[in-house]
Amino acid sequence: MPPLTCELPHRRRLRHCIIGLPEDAQLAIDRLHLLRYAERFEWTHALDLLPNGIVLDGRPGEVLRYLHREIRSNPSANE
């Protein structure tokens, strides 16, 4: 019997990052919610950006918000 797996066939991972002031990041998340793209609760809590702790252009007061999604791929498009 093959091992159980959590991978779904024909799906790929898509990751979204929003970097900016906390109020701007929340505004972007709220807009994506209104467009029915992503629920607000799917995003991480705000993560502080440390000046040299991550390779992103973090500026004082900015935060990082992250969303991970699975997207369906078209298997016939790869043939």
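Across the protein chain the mean pLDDT is 79. A value of 70 or more is reached by 73% of the residues. Where pLDDT is low, the predicted coordinates should not be read in detail.

**Overall architecture**

- The protein chain holds one helix and three strands.
- Their order along the sequence is β-α-β-β.
- Of its 79 residues, 16% count as buried.
- The accessible surface of the protein chain is about 6800 Å². Carbon and sulfur atoms account for 56% of that surface.
- Take the contacts between residues at least 6 apart in sequence: 63% of them join residues at least 24 apart.

**The nonpolar core**

- Seven residues form the largest nonpolar core: Ile18, Ala25, Ile29, Ala38, Trp43, Val63 and Leu67.
- Helix α1 and strand β3 (63-72) are the elements that give two or more residues to this core.
- Ile18 comes from strand β1 (residues 11-20). Ile18 counts as buried because its relative accessible area is 14%, and the cut-off is under 20%.
- Beyond the residues up to four places away in sequence, Ile18 touches Ala25, Ala28, Ile29, Trp43, Val63, Leu64 and Arg65.
- Ile18 and Ile29 are eleven residues apart along the chain. Their C-alpha atoms are separated by 8.5 Å.
- Trp43 has its own set of contacts, again leaving aside neighbours within four places in sequence. These are His16, Ile18, Ile29, Leu32, Ala38, Arg65, Tyr66 and Leu67.

**Gly20 in strand β1**

- Gly20 lies in strand β1.
- Gly20 is buried, at 8% relative accessibility.
- Gly20 and Glu62 are 42 residues apart in sequence. In space, their C-alpha atoms are 4.7 Å apart.

**Salt bridges**

- Side chains of opposite charge can pair when their charged atoms come close.
- The count here is two salt bridges.
- One joins Asp30 and Arg40, with the closest N and O atoms 2.8 Å apart. Asp30 sits in helix α1 and Arg40 in the loop between α1 and β2, so this pair ties together parts that are ten residues apart in sequence.
- Both partners are partly exposed: Asp30 has a relative accessibility of 22%, and Arg40 has one of 36%.
- The other joins the side chains of Glu42 and Arg69, at 3.7 Å from N to O. Glu42 belongs to the loop between α1 and β2 and Arg69 to strand β3, so this pair ties together parts that are 27 residues apart in sequence.
- Glu42 is partly exposed, with a relative accessible area of 32%. Arg69 also counts as partly exposed, at 21%.

**Surface and loop features**

- Leu14, Leu35 and Tyr37 make a nonpolar surface patch of about 270 Å².
- Leu35 is located in the loop between α1 and β2. Leu35 counts as exposed because its relative accessibility is 66%, and the cut-off is over 50%.
- Arg36 is found in the loop between α1 and β2.
- Phi of Arg36 is near 65°, a positive value in a residue other than glycine.
- Arg36 is exposed, with a relative accessible area of 79%.

Note on methods
Residues are numbered from 1 along each chain as its sequence is written. This is a predicted model: local features need pLDDT of at least 70, side-chain atom pairs count only at pLDDT 80 or more; totals for chains, interfaces and linings use all residues. Side-chain values use heavy atoms; hydrogens and water are left out. Helices (H or I, at least four residues) and strands (E, at least two) are DSSP runs, numbered from the N terminus. Buried means under 20% relative accessible area, exposed over 50%, partly exposed in between (1.4 Å probe, protein chains only). Contact means heavy atoms within 4.5 Å. Accessible areas come from the Shrake-Rupley method with a 1.4 Å probe; for residues, only the protein chains shown count as cover. pLDDT is the predictor's confidence in each residue, from 0 to 100. Patches are made of residues with over 30% relative accessible area and no salt bridge: like charges are joined within 9 Å, nonpolar side chains (Val, Leu, Ile, Met, Phe, Trp, Tyr) within 5 Å. A salt bridge is a side-chain nitrogen of Lys or Arg within 4 Å of a carboxyl oxygen of Asp or Glu. A nonpolar core is a set of buried Ala, Val, Leu, Ile, Met, Phe, Trp, Tyr and Cys residues joined through side-chain atoms within 4.5 Å.
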